[in-house]
Each structure stands twice: as C-alpha cells, then as structure tokens.
Amino acid sequence: MNAPSLTKIDQPPVTLRDMVQDKLREAIIEGVFQPGERLVERPLCDQLGVSRTVIRETIRFLEAEGLVELLPGRGPIVANITLADARQIYDIRRMLETAAAGACAAAITPDQIKVLNAALRALKSEFRHKKPGGVVRASNAFYAEIFAGAGHHIAWEVVQRLNGRISRLRMLTLGSNKRDRPGIEHMNAICTAIVTNDADAAKHAVMRHLDDAAATAERVLVQEVIHDG
C-alpha cells in the first residue's frame, strides 16, 4: 500500500499565538513595557482581544527568550538586562557573527550579493526615518542574510534564541551619540567587505561594530544603575 501523498507547505500559516508573541515581544523591545513592569493578564487580554490561555502561553514563550521573568508573589514582569548579561550576549555575538561574516564573504554568490545589498538599503531607509522598531527589524533581516549566505543555520538558531535580548540592547544603543561610529556606517563596512569577498575585513568590521555597540551598551546600563541607585 502506497503512503499517502502530502502537499508541501511553502509558507507556514501564522497562528494567533504567533501574532500575539510578535506584538508583545515588540512592545517589550520598544519600551512600551519597561524593565520590572508587571504584565497583568486581564489588561493584556482586553488590549489584544485574546484569551488568558493565549496570554499565558505567550508569557511562557517570552520567558524562554529571556524577555519575561516570573517572580514569586508578583507574577510575570519584564526582565531586566544586567551588565553581566550584556557582556555575555556581546561575547556570543562576537563569536557567531564574525564567523558568519567571514564565511559569507568567502562563499557569497551574485544572487546573495543582490539580496544582502537590498537588506542594507532597507536598513538605511529605516535609519533615515528614525523609527527604532523598524531599524531593529531591518538589522535582524540584514544579519539573517549574512548567516544564510554563510550557511550557518544552526548558529542562526542560537542567535534567534537570543534575539529578543539582542534587540533590546540595540534599542539601548540606537539613540546614543557616544558611539565610535553611527551604526549604519558599521553595517555599510560589513556589507562592503562581504560583497568584495574580503573575509578578514568582514570579520574585522563585525568585531569593530560589536566592540562599539558593547561599549555603548555598557555606558547606558551603568548610567541606569547609577540613576536607579
């Protein structure tokens, strides 16, 4: 007896839970909900028009991403990012992103060059419009193309698990005027090195970008500790 034939799903359907996760994640990343703020089920249900079950599932999912923390007696709150957390995240990014940029530069195809250049143009457009949420999403898309070009799919899965916290750190550093270079200049340098097949320059450009971002995030987080104290 022949096995039943199934038609391949080219684009998985977006579920209600996926949409709620995206909305709540974006609200946390963009600062609609501040670190330490309680996430109360009933208002979230009313605002999003979904059941408590969906909200609870979403909160558990965002807890796994490190964006939400469950405190005894308080329930779910928006998690804080400590200085130690930030340092670990940037250390991981240095390892994974420099490797991906170097591998992408060595193996990138003409079609991938077009896609990466298009991702950079989209990122520049978001920078011009000065919409932080759009910049964060475009940055994620830019990096996704680098990891795809490198063939580092498992590494990208690791980055995706950290993506919520990475995006929150991006939001912290975007508005700073104390960076060594504007973020878009770093991205342009990374893209130029990759599309010209210069793996060493690509790694260096990524490292310089992350060193700059890490130093900026550290200044912001230290200032927040002083202010809160």
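Close-up 1. Strands are DSSP runs of E with at least two residues, helices are DSSP runs of H or I with at least four residues, and both are numbered from the N terminus; two strands pair if DSSP finds at least two bridges between them. L71 has G75 of β2 as its bridge partner. Three residues lie between the two strands of the hairpin, and G73 in the turn has a positive phi of about 85°. Residues are numbered from 1 along each chain as its sequence is written, and side-chain values use heavy atoms, with hydrogens and water left out. As the model is predicted, local features need pLDDT of at least 70 and side-chain atom pairs count only at pLDDT 80 or more, while totals for chains, interfaces and linings use all residues.

Close-up 2. Helix α8 (residues 183-195) has 13 residues and reaches 19 Å from its first C-alpha to its last, close to the 18 Å expected at 1.5 Å a residue; the expected span is 1.5 Å times one less than the number of residues. Its buried residues are G183, I184, H186, M187, I190, C191, A193 and I194. Buried means under 20% relative accessible area, exposed over 50% and partly exposed in between, with a 1.4 Å probe and protein chains only. Just after α8, N197 takes a positive phi of about 60°, and N197 is a residue other than glycine. N197 is found in the loop between α8 and α9 (199-228) and, at 46% relative accessibility, counts as partly exposed.

**Close-up 3. Cysteines without a disulfide.** The structure holds zero disulfides, a disulfide being a pair of cysteine sulfur atoms within 2.5 Å. The closest cysteine sulfur to that of C191 is in C104, at 9.0 Å, which is too far for a bond. C191 is buried at 2% relative accessibility, and C45 is buried at 4%.

**Close-up 4. The second largest pocket.** About 410 Å³ of space lies in this pocket. A pocket is an open set of points on a 1 Å grid over the protein atoms alone, where a 1.4 Å probe fits, with protein on both sides within 12 Å along at least five of seven lines; lining residues have an atom within 4 Å of a point. Grid points are joined across faces, edges and corners, and a volume is the space filled by probe spheres set on the points. The lining has 19 residues, of which D22, R25, I29, N140 and N163 lie nearest the centre of the pocket. The elements that give two or more residues to this lining are α1 (16-29), α6 (132-150) and α7 (153-174).
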